[in-house]
Amino acid sequence: MSTQSILGLFQQPESAADAMDGLKEAGFELGTFDVLTGTPYPEGAFGEYVPQHRLFRFPAFGAIIGFTLSIFLTSVTQLAYPMVTGGKPILSIFAMLIIMYEMTMLAGVIATVIGIVFESRLPNMKPGIYDTRITEGWIGVVVTFDDDSKVADAESVLNKAGALEIKHAK
Amino acid sequence: MQQRRELDQVYTNRKLLNGQLDTPKWWAPTVTILGIVVVLGLIVIAVMINKGLGMTGLARPVYWGLFITTFVFWVGISHAGIMISAILRLTQAEWRRPVTRAAELLTVFSLLTALVFPLIHAGRPWRIAYWIMPYDLARGIYPNIRSPLNMDPVAISTYLTGSTLFLYIALLPDLGNLRDRTTGWKNAMYTVLALGWRGNPRQWKMQTVGGILLSALMLPIFVSVHSIVSWDFAVASAVEGWHSTIFAPYFVIGAVHSGVSAVVTMMALMRWLWKWDDFIRPEHFDALARLLIVVSTGWLGFTFLELIFALYGQDAPEIALREMQMFQWPWNGLFILFFLTAYAIPVPMWLFKRVRTNIALMFWTSILVNIGMWLERFLIIVPGLARRTPFVYTWEAYRPSAVEWTIFIWSFAWVTFLMLLFSKFFPLVPLFEQKESQVFTTDVMIGRAKVPAIIREAD
């Protein structure tokens, strides 16, 4: 028994949505089928599973790291060479705040980008079955299964929904 | 938004990827000429570093001249990207779609160029490391974080890193598109760069949510960068004309004025050179001009406030400086030129719709703005140093040398060269944004009129 994928190609979003509904009705579990498009469609346009994500945690986590590092960088470097200038305190809080602000934001942005890539499940150098016409406006409905006996069921659903072409991959 | 026509995705791909899949006839000669100018500029920079800053016109008391003016100018231009991309994305302005990539790109390349100027201005660029990097662990000597000259590289590096990552994340769907349209080594390159992009709902959701999140994070950085650049001057209490509390917002709004104008220039060039009439339409120039009217008028208000604050104190040296800036030759000539080009000519013209939708007029007026905004920075930086002050026995000694002018011209050639090089490998207009706009557009009948309408998802 090996993992198989089939890809049904559609030109109309309504047909792709019908295919997604059909797969649900045929007993295919959520997560075993997905829709591929070359452009963002409104959420739920294909009745697809709405993915949950934890992207908002990434910038907060990055900002905390950046802020901590910035306190270290700005205070330790000044204390390491404690030269009094004009009788002012060694630690110049307002000047430190500027550097701390920039470092906090920088780490926040970097963590967000890592978060976007991670939550998009990228990089994925073996992305599986695909068709280049998807970036020309076609819509792909991809079904993945371990059980060979389900191939015929999936094909039947895709054909019934009006798939213009069906591709197979192992 | 009634000028759009229905476009299918195959046509959108073919037109917007024409720079990558084909090579326009003008591309190779233009890049070659720019490449020659870039190389010549680099040679001049190398010679100047070898011989020393004596080759420039910089002399006591004017130590900050054309290089620092051009540095501030390019940092200002860089503010286009986040202004257009982040603010318009957050406000869901529909007309942002063809503009965002070019604006983000302008940010990255102009920041890269801006960074060159303080480096070469230092005379011995390698010594810059001594003042920005925590370098000397053995002796315990570290950079002085109290100096804006240290804050500046930190802010600009943050902005450059953030903008580059922002640009890359927004490129991912288009890299997937290019992977699907290419073969050979190009396909291998795009396959790696696209990271395995497929376009499933999870990836699109991350594009949307991530784009908004990054926009929200980049906005405060965008404000901080030019604020900190302005403090290079504002904290110098000994120089009249520099020491002003209003400089941070004044510089930020000035940067937006020049940056958005530069985007207009670039949009016009993109429409003409790549023949993207279907994508970059007069309505986009109309919207940008309306934005510019608001921004430039706000900027004019700050310009007058800065002048009024300076004069209100009745401080004799400050009044003397303003008198020199506005009434003494050659500064008065430059001042008039600055006011005419940055505001008095373009903005009244933009009040008329037939100007706002005329691409040639928008192109030339946006260039005028940037001539004016460069002069503004020159008039802030140089007269304050050139003025005769007590115990200074040389004054008005600054005449930019041929070396400085050559490096100044080099910077424009360099930014254009990088843009054209980028355009050979990556699309200048985000394809997925264009296509999304097509998906979200429908015609509605109002009475007997068929009106294109944009559907927007509820949050």
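The model is a predicted one, so local features need pLDDT of at least 70 and side-chain atom pairs count only at pLDDT 80 or more, while totals for chains, interfaces and linings use all residues. Residues are numbered from 1 along each chain as its sequence is written, with chains lettered from A and ligands numbered from 1 in the order in which they are written.

Start with the interface. Here 50 residues of chain B are in contact with 51 residues of chain A (contact means C-beta atoms, placed from the backbone, within 7 Å). On the chain B side, α1 (9-16), α8 (148-181), α10 (201-234) and α19 (431-439) each supply at least two residues; helices (H or I, at least four residues) and strands (E, at least two) are DSSP runs, numbered from the N terminus. The largest share, 18 residues, comes from α10(B). By class, this side has 25 nonpolar, 16 polar and nine charged residues, where Ala, Val, Leu, Ile, Met, Phe, Trp, Tyr, Cys and Pro count as nonpolar, Asp, Glu, Lys and Arg as charged, and the others, Gly among them, as polar.

α10(B) also packs against other helices of its own chain. With α8(B) the angle is about 155° and the axes are 9 Å apart, which makes the pair roughly antiparallel. Axes are lines fitted to C-alpha atoms, for helices over the stretch in contact, and angles run from 0 to 180 degrees between N-to-C directions; under 35 degrees counts as roughly parallel, over 145 as roughly antiparallel, 65 to 115 as roughly perpendicular and the rest as oblique. The residues of this contact divide into 18 nonpolar, six polar and two charged.

Helix α5 (residues 79-90) of chain B packs on α10(B) at about 140°, with axes 9 Å apart, so these two are oblique to each other. Residues of α5(B) in this contact include H79(B), I82(B) and R89(B), and those of α10(B) include G211(B), F222(B) and H226(B). By class, the contact has eight nonpolar, five polar and one charged residues.

As for burial (20 or more other C-beta atoms within 10 Å of a residue's own, against 12 or fewer for exposed and in between for partly exposed, with C-beta atoms placed from the backbone), seven of the nine residues of α19(B) are buried, so this helix is largely enclosed by the rest of the structure. The buried ones include L431(B), E433(B) and K435(B), and their cover includes α1, α6 (100-121), α8 and β1 (441-446) of chain B.

Definitions and conventions:
Two residues are in contact if their C-beta atoms, placed from the backbone, lie within 7 Å.
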